[in-house]
Amino acid sequence: MFQAELSKFSTPFKANGFDPVVNQSLVPAASKVTPLTPNRNDVLTVTNVDTNQPLELASKFVDASLLRDKITPVLEDSIFHGKAVDYNFSNDVDGLGALTPFVKQELINIPDEILSQYNKVQTVGSMGIFPEINRAWVVIDNKLILWNLTRTSEFQSFEDIPHTILKVELVKPKPNTFTEAINYLLLISTPSDIHILALSFANNSLDLYNTHMSVPAQGLSADHFVVYEKTGQVFFTGASDGLNIWELQYSNSADWFNKKCNKRCLTRSTVSSLIPGSSLINSFLGNEQHNEVVTQVKIDNSRGIIYTLTNKSYIRAYKITAKGSIDSSPALLQPYHISSFARTSSAKSSPLLHGKYLQIVSISVVTALESNDLYLVAVTVGGCRLYLNGSCNASTVSELRLESVKFPPTKVTEEEIAIERTKYNEQEATRSSTLYGGLAKDHKELPTKLSYQKKSGVLHKSLSASTMISPGIFFDVVEKEGQSDNKLFVSVPDYGVLKYHERSTENATFLEVQGKIHQIVPLSPPFNATDRPRGYANEFATQYTKGSFEVAVLTNSSLVVYSYRTPDQVFESMTDDLTPFVTRYGFLEAASTALYVTCKFSLPKTIRANAFNFFTVGIPNVVDFKPSYKKIASTGSMVTSVLTIANNSKSDETFSFQNVTLSPRFYGIVTLLGRLFRDVWEKNVFQISKDIKYNKDNTIVKTSIFENEFLASVNITQSELEFFLSSISVLNEFFQTYGNTIACFVPPSFNNRNFDKSEEFCNQAENIAINSVIRLVISMKEALSFLVVLIKEDTDDTDAAGDRLRGVFKYLSLDVQQSLSKLTFKDIFAPNDNTKNLIKEILSSIINRSMSRGESIEYIAKGLQERCGTFCSANDVVGFRAIEHLRKAKEIGFKDYDGLNYHLSRAIELFEAINNEISLEKLKESIDIMVGLNDFPRAIKFALNISASIDQGNLAAQYSADGKLANDERKKYYEKRRDIFEIVFQLLVQVDKLALESSVNQEQEQDATRLFDSSLSPVTDFAQLRNLSYDTAFKFEDKFVPLRKCFEASNIQYDLLIAISNDKVLSDEQKIELIDQLDGKILTVSELFNDFANVLSYHEICLHIFKASDFRNSEEILSRWDQLFENVKQTIYTDSGLQLTNSEDDVILNGTTAEKYVSLLSATIIKVGKKLSSSEFVFPVSDLLPIVTGLIYDLDDADSFVSKGAIASIFLECGITFDKLYYLLKGIVDTNGNDANVQHYKDELVFVIKKWLSHRRMADKGILKR
């Protein structure tokens, strides 16, 4: 289905030495013709698109291009009937040049060993092709040879049949009859029996098995077999059995009344079908047509009709009934009907429809997919194509009638016909002026193209090997006069002309072939674009995904493979002058094909450069790629946005996007993108488990879901994904390299009074549209990279196939899986916020599963971010890290209070850094972990901080106050904060008696009550809060301040408990006494400071208390910092001072004493600073920076081990911004020129500048948040 040769469209430009420049020597010369103008088929229209949403804009244009490709005209529409065929004909072999529809791809000679045996045939010799199994077959008397077409020296012989083989046919077996390995049956007919062989075909390997199934066929000489795909029934006719149709029945069981293999005649009575030779008896009795036998049998699987052609050119149509039988009264078309049609239509007086030329040599089916009305095409010995209409119901074909005739091409040119027409008119003028001239009976027909086609002898003596191949391709085998060789004629509809000009044209010529032609079969599936008549024959739409269309022609000496010439190959042959291509197929197709050819690395550089130049500049004076502006009133417009361009007058001129027709170049880009992804654009991304069952109302049967397995796999194969990813990567590289080249630029108008402002506006619209497509290409690349991640999960070698991916899906809730099952590829290519959130759920599941397996989150998250940044941004990585800290906290539990506190604090810090992107599910998961650790204060404070930070403008309260309008943009803030308040209320219910009653004084409790309704009496049970209005909570949210202070006090009290439990100075009795005092009600911050932190010289906690109480005495604060720094020094130099945690102890394990001191000092400042940096009073950077610099560089040999930027790094780690640190250092350098450490300040300043610049660059690339 997809092109095998991905490398055609998958190699970087620069890597192949292709760097096209608009070089006048490479620009195609302007033809001496009038400038071409686009028509309506060069334009794509979309409606109701916001230009501020680039992905939506681009995806809607892709939708429009796909829709356009689905509604091209019907190939054999009745509007084209009754006219001369518009042939582009050459009587020479391959005489149409670039427009020759088929080119010889390969010539495979039949092995000499087979030919030598075939030439010695005694009774019957025949040959044909089975493209399904990649084999040709040769029958030599009773011997069957199957010849491998890819390994030409390899063939298999089957000689177990004792009688002469009359016919062999390959059919699909009926379901549930043979083992799964048997995928074909080989039917072999002899004068006495019909044998069934089983065939197993896989990976070009073929095995034949004798089933010992056979049925007697005396007197039949079965020579034509067809299979009805819907039921698996096999029908056949016999050369010795007149017009009868039989069914070959077989099964895998037998009983007293039924054999494994049987036959029944469907056109005679049951009794007569059992009597051997009854056909001969009936012929004597006059019950059958004398000497009329079936010469061809075809079946229309789309309508369930069997067609037979006889030696008398009678065509019969039998309807297959629901019971598996056939209609006993077939529709009949006789030569008489054709002659009658000819006398009353434009085909009158044609010798090709009378006498010996009215002999039908072959018939071909037109399926219901191709046409609603046409049923069959019959080819006559004179090369005419007879198009037959029909009508049928469930049980019968009611009519079969001739609709139109296509005559062969004529060698007479248009110029010669024009000359003859002039002579004819002159003769008619002379005749009418002569007395009684008007009564003459020898009037000749007016010379026209049709009149010459009606008597054309170009295809005289067409043979039965002639055939029609869908869609509308005519191969005609013509006998050469006096020779055993045949000529091969081909006529192919010009699908591009049909699509663009809505006109029927055929490219017709002879192909090179030698020998007698036995069979013509397609080796590839049809390249139809739809499964209905409209759009079916749009070959342009499928040229990139259907692969090469090949046809095999088997002669008596070789097999010739012809390849259909696709539009891009036609384009490549015309790059010296592309005017004919544009004229035939239009601007849009030319631009789209030019982009494809430019990206096709296997071509010569000149061809690609010409294509690139055409794509960028068109053809000077002939083809111009420009958008245009035209005021129209129709609703079929691009978008409804309006843009105002200022001019020199007092008023501004307003232009509307709905009046802009973008350039054919843009429409070509969109068309190429749509065609590359047309097979998956509207396809679901995920497959649902086969075990899922549904109720009658289409709801899911819950019991059918086993272990939360709803989704099963990704709905795309690895080879398909490689094709799509390589294609989009090449397009992305092209736009990244040459995007600026194709952008429109018009100088601003300024004072140019003659400047056309509509042109300026059109170019703005063009740039918006092209940039939107570039954004879409990038998004598609990341979406496909995301699928690569999932495919990798599905094919990991460590587990059974699919186990890992199913494990990922199990981590998702059922609601999320159901939502994912509805996503299409279009949804993930141009994702909205809802789609992004769903994909993030999968990524979270992948990370969670990987973490549960002990894999590194850093490695996983980095890989996801690099591959699919749209779905895994830097903020998402921060969120994943926060979750990892929470899980570590949960694992640690109460075994390590300091480690527990660190991981919880770090998780909250990370979550609050990305507050706007935290989903409610992540918030609940985080709070559940905190509650599981009995840390209610931190959980409530965290929820309240998130609630406040996501709505800093208090839009939720405004929305509530303004009456909650349905389409108000502020609604989303209200709903999200309402959900968070619900979580807070639930937590308050749980801690009502545990915390609030014992710690909040009466005033605080009254404040808490007034949060919800100022008129309510004091509330002592917070469970009542659930029944109160959320709107009141928004209105009085500022009253949460007392609660927050209470929670801050509880956190400080908790830190004191941990510090006391780890204090090595205190005795066990003192620890127990102090812990008893703290492990109860929540104390005020004053009590905590005066009775504990200050007394015990816990300077770090004292600083926390200063921040919580909004203490602003700078002298006291700096004094406390000095004491903290002194404790650090004592810890290193006197083995007293700070009580180190395990992590801090690890910091000072190695190095000299001075190095240990600097390491511990840095770690302590960072640890404290991360919590205090938001307070400029408790964390006075302007004072601390000189102090820390002095402490470090006053050490001996500090320059030898302290790196430049070490001090700045400390404060950056604490959360101080680059700009603040920059201006602080710059001020110190400017005002303290005589300071001993001024050089160190300069070094720190340089470090900050470099770091800041690097950070900005990464932010611009989307790697970091600004």
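This is a predicted model: local features need pLDDT of at least 70, side-chain atom pairs count only at pLDDT 80 or more; totals for chains, interfaces and linings use all residues.
Two strands pair if DSSP finds at least two bridges between them.

**Entry 1**

I started with S8, which covers residues 184-189. How many of its residues are buried? I found that six of its six residues are buried, so I noted the strand as mostly covered.

Next I looked at which way the residues point. Tyr184, Leu186 and Ile188 go one way from S8, while Leu185, Leu187 and Ser189 go the other way.

Then I checked the partners. Strand S7 (residues 167-171) is joined to S8 by five bridges, and the two run antiparallel. In that pairing, I found Leu170 opposite Leu186. Strand S9 (residues 193-202) is joined to S8 by six bridges, again antiparallel.

**Entry 2: two buried strand residues**

I looked up Val294 and placed it in strand S15 (residues 294-300). Buried or exposed? Val294 has a relative accessible area of 4%, and the cut-off for buried is under 20%, so I call it buried. Leaving aside neighbours within four places in sequence, Val294 is in contact with Asp223, His224, Thr237, Gly242, Leu243, Thr308, Leu309 and Thr310. I picked out Asp223 from that list: it is 71 residues from Val294 along the chain, yet their C-alpha atoms are separated by 9.2 Å.

I then turned to Ser558, which sits in strand S29 (residues 558-564). Ser558 is buried too, with a relative accessible area of 5%. Not counting residues up to four places away in sequence, I found Ser558 touching Leu107, Ile108, Asn109, Ile110 and Val553.

**Entry 3: helices H23 and H24**

I finished with helix H23 (residues 920-932) and helix H24 (residues 936-949), which pack at an angle of about 160° with their axes 8 Å apart. Because of that angle, I wrote H23 down as roughly antiparallel to H24. The crossing of H23 past H24 is right-handed.

Which residues make the contact? From H23 I listed Leu923, Ser926, Ile927, Met930 and Val931, and from H24 Phe936, Arg938, Ala939, Phe942, Ala943 and Ile946. Sorted by class, the contact has nine nonpolar, one polar and one charged residues.

Technical notes:
Residues are numbered from 1 along each chain as its sequence is written. Side-chain values use heavy atoms; hydrogens and water are left out. Helices (H or I, at least four residues) and strands (E, at least two) are DSSP runs, numbered from the N terminus. Buried means under 20% relative accessible area, exposed over 50%, partly exposed in between (1.4 Å probe, protein chains only). Contact means heavy atoms within 4.5 Å. Axes are lines fitted to C-alpha atoms, for helices over the stretch in contact, and angles run from 0 to 180 degrees between N-to-C directions. Angles under 35 degrees count as roughly parallel, over 145 as roughly antiparallel, 65 to 115 as roughly perpendicular and the rest as oblique. A crossing is left-handed if the near helix is turned anticlockwise from the far one by less than a right angle, and right-handed if clockwise. Ala, Val, Leu, Ile, Met, Phe, Trp, Tyr, Cys and Pro count as nonpolar, Asp, Glu, Lys and Arg as charged, and the others, Gly among them, as polar.
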